[in-house]
Amino acid sequence: MNAISLNNLDISYGDSKVVHGVTLDIAEGESFALVGESGSGKSTILRAIAGLAPDWTGEISVLGKARTHGIERAVARQVQMVFQDPYGSLHPRKTIDAALSEPLAINGIGNRGERVETMLKAVGLDQRFRFRFPHQLSGGQRQRVAIARALMLEPKVLLLDEPTSALDVSVQAEILNLLKRLRREQGLTYLLVTHNLPVVSFLCDRLAVMRHGRIVEVADVAQLKSGQLAEAYSMELLAATEGHAGAAA
Amino acid sequence: MSALLSVENLRVSFPTHRGRVEVVKGVSFELGRERLGIVGESGSGKSMTGRSILKLIHKPGLVTADRMEFDGVDLRSQSEKQMRAIRGARISMVMQDPKFSLNPVMTVGEQIAEALVTHEKLPRREVNERILAMLEAVRINDPTRVAGLYPHEVSGGMGQRVMIAMMLIPSPELLIADEPTSALDVSVQAQVLDIIDDLVTTKGMGLILISHDLNLVSRYCDRILVMNSGVVVEECAAGQLERATHPYTRGLLAAMPVLNEQREELPVLDRTQWAGT
């Protein structure tokens, strides 16, 4: 069964259409990346799957079930999103404990204290952070909290929108390791949006290159590693990244 | 050859309720007409080092140095008025995000003109010519049209090129670029840095490139300073980066995923290792 299946998906914000006819199947347990420049529509696809961009036509199915346009509780329990900026995505006046308990309260799940403790341990945060506020945490610690919050409902699919681009390299490495370990332990499916190709190489199995709201190419990560992408535009992106890394190598 | 800029034992501190905290702890370096990169993570003091050269750190921040000379001028003893004659004209700085650094209610052309006219009295026609020439130099295709646009009408990459045009039009001798591309896409980053590199080389200016990206700095600079918690932990030639010896630099290099990634897990910095330094 496919974890996420998009069929001829068009997404608009008001009058402007930003995603054109995207068709994509992501298998369960797969880690899939959407790459492209800003404005290519990659984040918009995530938002539509999460129910945050309701103005779409076509078909979105999650774990075999077609999803409606609004925010659905059943979908929310299976699909959760982690945002780019850990400084903006946590409520500044709520403790970590409150932020992590909230999804449980909404869905009427009991045994909250214990679940919060287990989850903090799973993302590698000490229990002493539990009753702190976001401003008392570093960027990396906050992103761990954001990941923990997304995992509180034990979803099957995580939508990751540039999860490490606001972080320092050394912290990025910690979060990438964490994401890799969590996927192994909990059998998660990832749909990752990024413009950083080395991150894709580390974390993903397949990738789709997007441009101007369309998918240019779907490739295996092995093709990325050996630098053998089919489309000219994909190679351009690859060259831009290699140019940076090339000098040091 | 005498150095363009020499800094000795630079210290920057800010007061907190637990006493003064030093964010730059005795940094020294010399710069000729070359490209120097300063690399470090958030909080390493790299931006503060750049800002203190232009005396842009205001009270209650405190800057002290044993020596801070730019082309024979002692920057420490310059008054605010004297500094204004130096800023822009002789040393200028490109900031991180064009969205926040451009004036939203002035057209691009007016802002570039302002940078020029502040330091030089020129007839209006010549000012216009210089603006268009400068916009062309930063590879803007249609300079006449772009000069009439407001900052919100241009893209991020174009905005940053406008910033560079503004900073370079008075022909400064030293350019400080503080994370000039971190708000931009990878594909645009290379373009913007190539432009800076090109102009710096042809005009024979000095460049200080401040960034958190080791690879980027090693590509565009001749020499690199690696900073960690206010101290320069390593200084090396850009080509020698692979052979860096300090554990912090090595850790940073190893923590970066590469395009052909084979490692199952990325090595993580052990922060206790050099906590003493």
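**Exercise 1.** In this predicted model, determine how many residues of chain A are in contact with chain B, and which helices of chain A supply that side.

*Solution.* Step 1: the contact joins 26 residues of chain A to 27 residues of chain B. Step 2: on the side of chain A that touches chain B, at least two residues each come from helix 6 (169-186), helix 7 (197-203) and helix 9 (232-246). Step 3: helix 9 of chain A gives the largest share, eight residues. Step 4: by class, this side of chain A has 12 nonpolar, eight polar and six charged residues.

**Exercise 2.** Classify the packing of helix 3 of chain A against helix 4 of chain A by angle, and state which residues make the contact.

*Solution.* Step 1: the angle between helix 3 (residues 96-106) and helix 4 (residues 112-122) of chain A is about 120 degrees, and their axes are 10 Å apart. Step 2: helix 3 of chain A is therefore oblique to helix 4 of chain A. Step 3: the crossing is right-handed. Step 4: helix 3 of chain A contributes Asp97(A), Leu100(A), Ser101(A) and Leu104(A), while helix 4 of chain A contributes Arg112(A), Arg115(A), Val116(A) and Met119(A). Step 5: these comprise four nonpolar, one polar and three charged residues.

**Exercise 3.** Describe the sheet of six strands in chain A and identify its edge strands.

*Solution.* Step 1: the sheet is open, with strand order 6-7-8-3-9-10 and mixed pairing. Step 2: strand 6 (79-82) and strand 10 (214-220) of chain A each pair on one side only, as edge strands. Step 3: strand 9 (residues 206-211) and strand 10 of chain A run antiparallel, joined by six bridges. Step 4: Arg206(A) has Asp220(A) in strand 10 of chain A as its bridge partner. Step 5: helix 5 (residues 139-151) of chain A packs on the sheet, touching strand 6 and strand 7 (157-161) of chain A.

Notes
Residues are numbered from 1 along each chain as its sequence is written. Chains are lettered from A and ligands numbered from 1 in the order in which they are written. This is a predicted model: local features need pLDDT of at least 70, side-chain atom pairs count only at pLDDT 80 or more; totals for chains, interfaces and linings use all residues. Axes are lines fitted to C-alpha atoms, for helices over the stretch in contact, and angles run from 0 to 180 degrees between N-to-C directions. Helices (H or I, at least four residues) and strands (E, at least two) are DSSP runs, numbered from the N terminus. Angles under 35 degrees count as roughly parallel, over 145 as roughly antiparallel, 65 to 115 as roughly perpendicular and the rest as oblique. A crossing is left-handed if the near helix is turned anticlockwise from the far one by less than a right angle, and right-handed if clockwise. Two residues are in contact if their C-beta atoms, placed from the backbone, lie within 7 Å. Ala, Val, Leu, Ile, Met, Phe, Trp, Tyr, Cys and Pro count as nonpolar, Asp, Glu, Lys and Arg as charged, and the others, Gly among them, as polar. Two strands pair if DSSP finds at least two bridges between them.
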